[in-house]
Amino acid sequence: MAELINIRLGLEGSAFGSIAAAVIHALLLLHVVAVGALVFIWMERKIAGRIQDRLGPTRVGGKFGWLQTLADGLKLITKEDITPQNADKMLFKIAPYVSFAASYAAFLALPFADGWVANNVNSAVFFVLAVLGLEVFGVILAGYSSGSKWSLFGAIREAAQVVSYEVPLGLCVVVPVFLAGTMNLVTIGNMQAGYFTNWFVFHDIFTFGTFWIFFTCATASVNRAPFDLAEAESELVAGFHTEYSGLRWSFFFMAEYGSMFLVSGLGAILFFGGWHGPIPLMSILGLPESGVLGNYLANLAGCVNFMLKAVVGVTVMMWVRWTLPRLRIDQVITTCLKYCVPLASVCFIGAVGWQVLDLPSPSDWHLGTGPAYKVHEEWATHTNNSAASGADDRGPETTEQYQRESDQLLPPEPDDADKPLTGSSGSPRSLTATPLGQELSP
Amino acid sequence: MTSALLANISSDLFFIVFAGIACVFAVAVLLTSNIVRMAFYLVISLGATAGLFFLAGAEFVGAMQLMIYVGGTLVLLIFGVMLTAQSRFVNMRTHPRDWIMAIIVGGSLLMLLLTAAFRVPSWHEEQQVIAAASELEVADSKTATRLGLALSGVRVDKINADEQLKQGMSGYLLPFVIVSIHLLVVLIGAAYMARSKRMVRRTSEQAEDTTSS
Amino acid sequence: MSSQLDDQRIIEFDVRTDEMLVNMGPQHPSTHGVLRLVLRTDGEIISQVEPQIGYLHRCAEKIGENLTPRQWIPYTDRMDYLAGMNMNLGWALTVEKLMEHELSDKAKHLRVLIAELGRIASHLVGMGAYGLDLGTFSPFLYAFREREKILDLFEDVCGARLTYSYLTPGGATADLPPGWLERCQEFLDQFEPVIQEYHALLTTNAIFIKRTAGIGVMSAEMAIDYGCTGPVLRGSGVNHDLRFHGEEIYTEMYDGYIFDVVCEKDGSYPVDETYPPVPEDAVLGDCWHRFYVRMLEVVQSIKLVRQAMERYSSASGDWGIPIKLSQRLPAGEAYLETEAPRGQMGFYLVSDGTAIPWRVRARSSCFCNLSVTAPLCQGCLLADVPAIVGSLDVVMGEIDR
């Protein structure tokens with residue numbers, strides 16, 4: 001997008017495009033998180049109501065009450081800003097924003113469609129996991145700085161839980177990563193193009209099991225029932241956010257719903273093909289080949305598809321929350337260490353074995369748009385190619401080829417000598433994002 | 001002209017912002033006396049360092065910094081503080097004598113590092129930077145592929161090295177596994193030593209004595 | 001980490017952390033009413049629990065010294081407000097015992113009918129609120145959905161949904177309206193299969209079993225020592241139900257009815273195959289068993305209601321005309337305990353020969369049930385405290401009066 005803005009505004013190779021692109025991406029993602037929270041809170045109340053044999057909100061905004069969250073948000077904004085006397089004021093005020101920042105930062109690497117990602121981080125999976133683990137900081141700070149024992153209890157319990165569940169979550173996430181051969185989320189998504197047989201979740205029985213463990217661990221790491229002790233209302237009043245009211249409290253919830261959407265989206269990309277639907281409708285209609293607009297529409301449909309999948313994941317989390325009782329903290333940790341970790345390890349070994357022994361899988365049928373994409377790694381040149389448009393370049397297939405190709409890389413291309421490694425155009429490179437990159441390639 | 005200026009400013013701006021945050025909050029760690037605030041400032045400082053890594057294009061290392069330092073080490077620190085704190089907000093008072101000692105030691109280290117850094121010729125001459133850059137291999141540091149290959153033995157980071165020198169080179173996998181097992185042993189040992197001990201309480205008074213000892 | 005009190009002398013001690021004195025309540029979404037629990041806890045493990053009551057004390061007994069027995073009936077409603085009918089019944093029987101007032105058969109069957117329906121309604125709340133304590137919100141609403149139907153029936157009878165003041169000394173304030181029995185029949189027919197929902201959500205739910213089995217184990221001796229009654233006592237395996245073993249004036253109401261005392265006899269409960277079996281983790285006297293006893297009592301109450309409806313329709317006599325408002329009471333005293341849903345509720349009446357009693361006393365079942373919280377909660381985790389208190393199913397109105 002940076003190049004596109006530059007070209008349209010007639011500023012070639014300027015940093016303005018990158019900055020503008022960055023700002024636009026940031027705002028869009030902020031809207032995803034904020035509006036997403038609005039929709040999810042409404043959805044939660046409706047789903048909870050229906051499960052409990054009653055209607056949810058039905059007044060604000062028509063028969064289905066879909067503006068209810070907006071009304072609640074307005075109410076929260078107008079509330080008095082109370083800080084408890086015993087609180088550490090600075091940390092108390094900062095904590096919700098830390099939580100929200102961590103949740104939001106992880107969205108920067110989450111692709112919504114082919115190339116539609118704020119920052120195409122090449123080790124995106126790792127980045128998302130790392131940033132998700134930061135959310136616990138906000139919780140700890142909130143619990144500690146509230147100056148109340150109850151909040152402290154909730155904070156410690158939550159921190160222990162999130163930190164413990166990072167282990168099986170990491171193990172589960174590694175399975176699709178090595179199936180794909182890359183940590184780049186866009187590439188992982190593209191490798192599952194075509195019919196649903198290409199989806200990693202159907203690749204082999206172990207990956208199928210891995211998805212369910214992933215979902216359990218993801219539910220635990222965003223603190224949803226049955227792992228929601230931190231918010232255990234009936235036990236600790238409201239846990240670590242007891243002392244928060246008004247807008248600060250709503251930030252915690254935006255962070256929570258944002259994280260729910262994020263891990264569901266991550267699961268959708270890793271296991272369920274991301275923006276590639278069960279049927280490659282857009283390819284059947286021939287849209288991606290029919291010029292710029294067609295390409296854009298295909299990507300848009302993919303984006304909607306992806307968001308639908310993530311919303312389904314969030315809905316399942318809500319469904320589970322309103323059905324099951326809550327586990328005690330020691331039972332939560334036991335589940336993690338005695339059940340999730342061994343199961344994840346077994347699934348990991350099984351999936352590795354499946355790959356190594358080259359056992360058959362539905363993706364071998366290559367149903368859909370041609371063979372699955374090979375991994376393209378950027379080696380030497382800073383061209384416009386991001387991994388997103390890697391369909392055109394086939395990367396090296398084996399390590400020997402890597403070695404041979406790397407030998408051929410010396411000396412570097414002559415035209416690259418004009419571009420210093422760092423310096424004036426250093427920073428724009430780290431903001432590559434080419435949502436419409438395909439039409440820019442020669 | 002303006003676009004080039006803007007480009008210069010923008011790239012330097014982010015560097016200045018991140019480096020500034022890292023330094024300012026590192027100093028704040030020194031100056032505050034509340035332990036949890038200290039940990040929080042350290043979080044921000046290390047996060048800014050991760051930002052510097054991202055700015056340089058080393059995304060894998062940046063994510064690693066976030067996960068290990070911020071997500072791991074600091075959470076551990078805060079746990080330790082919160083679980084063993086005797087009073088509500090723990091304050092650390094540093095004796096002025098300790099301050100002087102610290103300034104001497106830290107200051108001399110800083111001087112040493114600065115001198116060593118500025119001695120590298122290619123780091124302080126504009127011409128040299130461009131020339132050096134064109135000699136260096138232009139490798140894409142954004143991927144972790146080179147790291148992964150080097151780990152498993154394909155030392156693509158030493159492509160330009162002397163043939164003779166390359167003879168003995170191997171991957172980092174073995175040292176990596178050794179360190180991991182070492183850490184695992186240390187963790188298990190620590191968990192074992194810190195385990196809760198069962199003891200028989202004969203009378204409640206004796207229990208008070210033993211628990212307070 | 002076990003929460004069994006195998007040996008009271010063995011304690012575990014850790015890295016020396018401060019013991020916290022934590023206050024749970026009196027305003028608390030978990031405790032059943034305004035109960036204050038002062039917990040002494042080391043991080044997660046409780047070392048001492050002290051329940052503090054009295055927040056709902058309304059001087060009911062003192063007021064009873066200024067009102068005639070029929071005027072005092074509304075105060076009994078407000079004691080165990082979730083089982084108002086049973087409270088009314090206890091007081092009515094006590095006054096009748098003092099006055100040696102005989103009731104017609106029809107009145108007795110009516111009382112059985114109403115009291116057992118009240119038991120079902122009360123157990124529904126106990127069960128739903130227990131789920132709420134443990135974090136599952138939906139069974140609470142399903143239980144209340146069924147309870148609403150019972151409350152609608154009660155509203156048809158006496159005009160009130162919660163504080164009925166229906167069963168009075170001498171009988172009841174009014175007869176059943178026409179068509180009521182058919183509606184009651186419909187309700188029972190619809191209700192019996194719905195109980196399976198609760199089994200799926202609670203009784204056989206793995207997480208629920210994890211939270212309640214083996215928690216708060218109370219031996220039969222301990223239960224008797226602390227004076228526990230009702231499902232709390234029967235959950236520990238003690239076969240004692242006042243409908244069988246109580247006083248004559250009470251048990252003759254249940255003469256000829258076929259039902260079982262819900263209690264584990266020789267290792268098994270009186271269940272049919274529609275009820276799930278006892279899981280392996282559950283120990284006799286733990287929270288799960290107390291919960292299970294309540295679920296089974298609902299089934300027994302349904303049986304009783306059906307029999308009562310038949311016998312009421314075919315009985316002779318009046319429905320029980322209440323005594324005069326300012327009826328002079330014979331001098332003397334009478335004490336009677338009845339089997340309320342939460343335990344044995346006793347009423348004591350001392351009369352000096354006038355219409356106004358000299359002394360009125362209510363012996364609360366939940367009072368003794370609550371007293372067992374302290375030993376049960378010792379050594380357990382913080383999250384077990386609502387599980388234990390919820391399994392005792394206390395209502396503060398009854399404890400504080």
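User: How many bridges join strand β3 of chain C to β4(C)?
Analyst: This is a predicted model, in which local features need pLDDT of at least 70, side-chain atom pairs count only at pLDDT 80 or more, and totals for chains, interfaces and linings use all residues. Residues are numbered from 1 along each chain as its sequence is written, chains are lettered from A and ligands numbered from 1 in the order in which they are written, and side-chain values use heavy atoms, with hydrogens and water left out. Strands (E, at least two residues) and helices (H or I, at least four) are DSSP runs numbered from the N terminus, and two strands pair if DSSP finds at least two bridges between them. Strand β3 (residues 36–42) and β4(C) run antiparallel, and the bridges joining them number seven.

User: Which strands of chain C stand at the edges of the sheet?
Analyst: The open sheet has three strands with antiparallel pairing, in the order β2-β3-β4 (chain C). Each edge strand has a single partner, so one side of it is left without a neighbour in the sheet; these strands are β2 (20–24) and β4 (45–52) of chain C.

User: At roughly what angle do the axes of helix α9 and helix α14 of chain A cross?
Analyst: Axes are lines fitted to C-alpha atoms, for helices over the stretch in contact (heavy atoms within 4.5 Å), and angles run from 0 to 180 degrees between N-to-C directions. The axes of α9 (residues 205–221) and α14 (residues 329–356) of chain A come within 8 Å and cross at roughly 150°.
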